[in-house]
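Q: I am new to this structure and would like to learn how to read its features with care. Could we take them in turn, starting with the place where the chains meet?

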Amino acid sequence: MSLVIQKGTSLRADAMQRLKKNHAAVLGMYLLLLIVLAAVILPFTPLLADPNAQDLLVKNTQPNQQYWFGTDHLGRDIFSRVFYGGRISIAVAVLTTLVAVSIGVIYGAVAGYASNKVDALMMRCVDILYGMPFLVVVILLGKVLENMTAAWAADLVDLFTADTDSDDKINAVRTAIEPLVTMVPLFLAIGALSWLTISRIVRAQVQSIKKLEYIEAARSLGLSHFTILFRHILPNCIGPIIVYTTLTIPGVMLFEAVLSFLGLGLKPPNSSWGVLIKEGADMMLTNPWLLFFPSLFFSLTLLSLNFLGDGLRDALDPKSSKD
Amino acid sequence: MIGKLINRLLQGIVVLFVLYTLTFFLIRALPYGPFQTEKAIPAHVIEKLKTQLGLDQPLHVQYIRPLKNILLEGNLGVSTRLEGRPVNEIMAQAFPVSIHLGIMSMILAILIGLPAGVISAYKKNSMVDYLLMATAMIGLCLPSFVIGPILAEYLGRSKQMFPVMGWDVRQVSTWGLPVFTLSLGYAAYLARLTRSGVLDVLSQDFVRTARAKGVSTVKILVKHCLRGGLIPSAAYIGPAFAGIISGSLVIEAVFQVPGLGRHFIKAIETNDANVIFGIVLLYGALVTLGNIASDFLIAWLNPRSRAQS
């Protein structure tokens, strides 16, 4: 007779197992990986043409063997525009979410850890911000920040080209910097207002954890509040933080696309999926492929993020499971 | 209950006050003034205009003046872009259109989303459920600014089923498409929330008891589960209304709806301060009202939350 020792599974392995059973979430994960890798790597390969190269001889070409996704009214290759645009959309979404999550986690953690009075005051502020018409404030904020970052862009160009007089080089630096800098107001404006939900969730988590005995032990050992909060409490909130980060990204992406669609986000020739969808929508009847391909990739990305986010939520928090 | 209402209204006033302050400073920080035209305006004219609009006065006077006018007289001042047209008049023209679009979309979203969610929960893990939830997922991931142009072009311009421009409250065909497009995403989200809410209640003990007593499934669903199952959806109605209100900016651009949206975007581009104030505060008030309505809906649906407060 042999003794079988059943190995216990850790919470994380358990969650991983549940996630793997969720086919939609796994599919979403792979799809997302594929799109992100394509958008990040393809622009460095010779597979993609210059997204802004115009060739009027082949304008408004239907998708064919040379131009897989067709060309637009200026003869630009949509295939390469979709991936270059995707790179910017994804970058904006990731950076914005980073801004939002950092603010949200720190704010929520401090509010949850602080005394009742401070907590009440901080959460009242969140309530007030919740009552704001987001899009409207973001548009205003974005316009204001746009001006500031344009000045930074000029400064940066000066800084990098201080030792040269050649116009070519200055222009090269400018084209490299400006797309990056035009993204900054977008993600600052959206990020500055998207942290509210995450801060509420982190606060609730911290409040329940700070009552546990090991925190009492940490306090009696004389650890500082900072260490207790950031070393001993926050790491235990990582599950919900990951889940809501995943669920924040699609919202933020949509936001960026809406702004670009309204002509208030990125300016051409810099293109994101939102800009491409706008250009496609304007010529939908004659050149439907201009709308189809950017929308397809945009929607697939949102879809996989939503699937993955739902799956992660169900896996990391079995109680909230929907089935 | 009344105490809570007063409390929430007071909070709403604070929200609007913060919003006003924020907007005031953001407008001041805009990189361009209200007098930018293609033809340069002579300096003395600009001086006159500034005096007339009070822009030559110290900052705190500029801050208090519109606030006083709005609070005491309900007067939003005049637009600088539209050559002195009163903002009240602009709003009176455009607001009914926007609010009609918003409220109709909200109603349609509820009419589609709630039944879909309840059916989906009732037929859990069946073909119907999968189909409904897959549709909801697609509805969430296809943004209104993709669906909108497609509907406008195919059903409007090429099939001529709907007029693509113009707005007449009496004719559904002129506002049907924008309302439908705007409501889709919210209907999808409501369907998902309702499904999970109803499923939560369905798994509780009292439902099993009811079943054991021989109560019919439909009766269990409608009488025992709906009320509790709708709580997550009710909580979402406030944020949804806020989203619809600002989402109408996009829809108005897609369908050329003569609402507040285009005034707002033009006003921002030309630093038309009074119009911006008017629209931002109006949107803020609507969002606040939506949130209050949401709270009271939850309190009505959930007796426990009433006891707590």
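A: The contact draws 41 residues from chain B and 31 residues from chain A, where two residues are in contact if their C-beta atoms, placed from the backbone, lie within 7 Å. This is a predicted model, in which local features need pLDDT of at least 70 and side-chain atom pairs count only at pLDDT 80 or more, while totals for chains, interfaces and linings use all residues. Residues are numbered from 1 along each chain as its sequence is written, and chains are lettered from A and ligands numbered from 1 in the order in which they are written.

Q: Which helix gives the largest share of the side of chain B that touches chain A?

A: Helices are DSSP runs (H or I, at least four residues), numbered from the N terminus. The largest share of that side of chain B, 10 residues, comes from α1(B).

Q: How do I read confidence in chain A?

A: pLDDT is the predictor's confidence in each residue, from 0 to 100. Chain A has a mean pLDDT of 82, with 93% of its residues reaching 70 or more; within chain A, confidence is lowest in helix α6 (residues 167-191), at a mean of 75, and highest in helix α8 (residues 213-220), at 91.

Q: At what angle do the axes of α10 and α11 of chain A cross?

A: Axes are lines fitted to C-alpha atoms, for helices over the stretch in contact, and angles run from 0 to 180 degrees between N-to-C directions. The axes of helix α10 (residues 238-261) and helix α11 (residues 273-282) of chain A cross at roughly 45 degrees and come within 7 Å.

Key
Helices (H or I, at least four residues) and strands (E, at least two) are DSSP runs, numbered from the N terminus.
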